[in-house]
Amino acid sequence: MACSLVVRGNAPFIIGWLSHQSQVWSGKESEKKAANRIWERASTPAHHMRGREAAGAGMIKIAVVTPVYNGGKFLATAMEAVQRQTYPNLVHVVLDNASTDDTAEIILRYANGRVPLMTKRNEALLKAPANWSEAVRMVPDDVAYFKILCADDAMSPDAMEKMARAAQS
């Protein structure tokens with residue numbers, strides 16, 4: 001697999017792990033899922049991003065963001081994929097979009113995992129784009145990059161380590 005970096009004007013840039021190219025995701029529901037892509041916040045210049053390292057660890061902090069609605073069937077797989085990451089400076093942000101299945105119970109199972117979990121539940125169901133935007137707003141300020149991981153997706157244990165290395169090169 002190859003990684004390419006795409007920058008479009010002043011918009012956020014995305015690092016995508018795709019077969020041989022990366023693609024810019026514009027947020028339209030009809031386009032490919034945003035899974036396996038990292039977004040750098042457009043509002044923070046790159047020279048500020050490089051300074052956001054964990055104390056003593058020398059590694060930037062990255063968030064994995066999982067917006068979910070009734071993801072009970074697959075969510076545990078995504079949550080496990082985050083907990084198995086070899087990259088040590090992660091936080092997992094999960095936004096439950098007023099699910100009516102066992103999503104909340106699955107999220108609770110990972111509350112004390114190796115990768116810290118930040119979670120919130122919407123009181124009312126939001127449309128998918130609004131839920132994703134709200135999930136991204138939950139990313140802590142000390143995070144340099146974030147990756148969207150859909151509730152029905154997984155990733156290899158070294159995925160975030162490879163993406164962090166590519167982002168910093």
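Trainee: What do the side chains of Glu161 and Arg165 meet in?
Mentor: A salt bridge, at 3.8 Å from N to O. The term means a side-chain nitrogen of Lys or Arg within 4 Å of a carboxyl oxygen of Asp or Glu. Keep in mind that this is a predicted model, where local features need pLDDT of at least 70, side-chain atom pairs count only at pLDDT 80 or more, and totals for chains, interfaces and linings use all residues. Residues are numbered from 1 along each chain as its sequence is written, and side-chain values use heavy atoms, with hydrogens and water left out.

Trainee: How far apart are Glu161 and Arg165 in helix 5?
Mentor: They are 4 residues apart in helix 5 (residues 159-168), about one helical turn. Helices are DSSP runs of H or I with at least four residues, strands are E runs of at least two, and both are numbered from the N terminus.

Trainee: How many salt bridges in the whole structure?
Mentor: The search finds 6. Lys120, Glu134 and Arg137 are linked in a network of them.

Trainee: New topic. Which residues of helix 4 are buried?
Mentor: Asn131, Trp132, Glu134 and Ala135, in helix 4 (residues 128-137). Buried means under 20% relative accessible area, exposed over 50%, partly exposed in between (1.4 Å probe, protein chains only).

Trainee: And Arg137, buried or exposed?
Mentor: Exposed, because its relative accessibility is 58%. Its side chain still meets that of Glu134 in a salt bridge, at 3.2 Å from N to O.

Trainee: What do the buried residues of helix 4 pack against?
Mentor: Strand 4, strand 5, strand 6 and strand 7 (145-148).

Notes. Contact means heavy atoms within 4.5 Å.
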